[in-house]
Amino acid sequence: MSDPKMYVFEDVSKHNTNKDCWLIISGKVYDVTRFLEDHPGGDEVLLSSTGQDATDDFEDVGHSTSARAMMEEYYIGDIDLSSLPSKTKSGKTRKPAPSPQNSKSRVKFFQILVPLAILIFALAIGFYAKSS
């Protein structure tokens with residue numbers, strides 16, 4: 001078996017859209033572009049960590065053994081650990097600037113979330129007023 005391809009962080013960070021989505025998890029690089037639509041948590045979860053070291057985000061969720069086994073299908077190589085950016089004071093790595101594609105999907109999310117929050121707030125006020 002040949003050695004896995006080695007990537008540097010700068011190369012991985014360029015793959016940060018819903019058409020080209022790479023993640024770094026535990027020192028390995030995964031091209032999860034084909035998995036975006038099938039991800040049980042939705043594509044936004046993956047897109048928020050794309051092009052960067054997503055190890056902490058991945059581990060925080062507590063993925064199942066079958067989910068971890070499924071990752072091998074998307075494995076494309078290893079990351080050169082010396083190329084990873086230094087941690088910030090908060091312990092998180094600095095994220096690359098969001099791509100226009102990611103920004104558009106976030107705008108759509110908030111276009112739905114804000115009116116929904118206003119509706120819920122209005123219903124709560126109406127319910128409270130009736131019960132008083």
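Author: Start with Thr 55, which has a relative accessible area of 17%. The model is a predicted one.

Reader: Why is Thr 55 called buried?

Author: Buried means under 20% relative accessible area. Thr 55 comes to 17%, so Thr 55 is buried. In the protein chain, 26% of the 132 residues count as buried.

Reader: What makes the pair Thr 55 and Asp 53 a polar contact?

Author: The cut-off is 3.5 Å between N or O atoms. The side chains of Thr 55 and Asp 53 are joined at 2.6 Å, within that limit.

Reader: Which residues does Thr 55 touch, leaving aside those up to four places away in sequence?

Author: Thr 55 touches Ile 24, Ile 25 and Ser 26. Thr 55 itself lies in helix H3, residues 55-61. As for the protein chain, 73% of its contacts with a separation of 6 or more are between residues 24 or more positions apart.

Reader: How do you know whether Ile 118 is buried or exposed?

Author: Exposed means over 50% relative accessible area. Ile 118 has 55%, and therefore counts as exposed. Ile 118 is found in helix H5, residues 100-131.

Reader: What kind of surface patch does Ile 118 belong to?

Author: A nonpolar one, formed by Phe 109, Phe 110, Leu 113, Val 114 and Ile 118. Together they have about 480 Å² of accessible area. The protein chain exposes about 9,100 Å², with 61% supplied by carbon and sulfur atoms.

Reader: How many helices and strands does the protein chain have?

Author: There are 5 helices and 5 strands. From the N terminus, their order is β-α-β-β-β-α-α-α-β-α.

Note on methods. Residues are numbered from 1 along each chain as its sequence is written. This is a predicted model: local features need pLDDT of at least 70, side-chain atom pairs count only at pLDDT 80 or more; totals for chains, interfaces and linings use all residues. Side-chain values use heavy atoms; hydrogens and water are left out. Helices (H or I, at least four residues) and strands (E, at least two) are DSSP runs, numbered from the N terminus. Buried means under 20% relative accessible area, exposed over 50%, partly exposed in between (1.4 Å probe, protein chains only). A polar contact is a pair of N or O atoms within 3.5 Å; within protein, one must be able to donate a hydrogen and the other to accept it, and residues adjacent in sequence count only if both atoms are side-chain atoms. Contact means heavy atoms within 4.5 Å. Patches are made of residues with over 30% relative accessible area and no salt bridge: like charges are joined within 9 Å, nonpolar side chains (Val, Leu, Ile, Met, Phe, Trp, Tyr) within 5 Å. Accessible areas come from the Shrake-Rupley method with a 1.4 Å probe; for residues, only the protein chains shown count as cover. A salt bridge is a side-chain nitrogen of Lys or Arg within 4 Å of a carboxyl oxygen of Asp or Glu.
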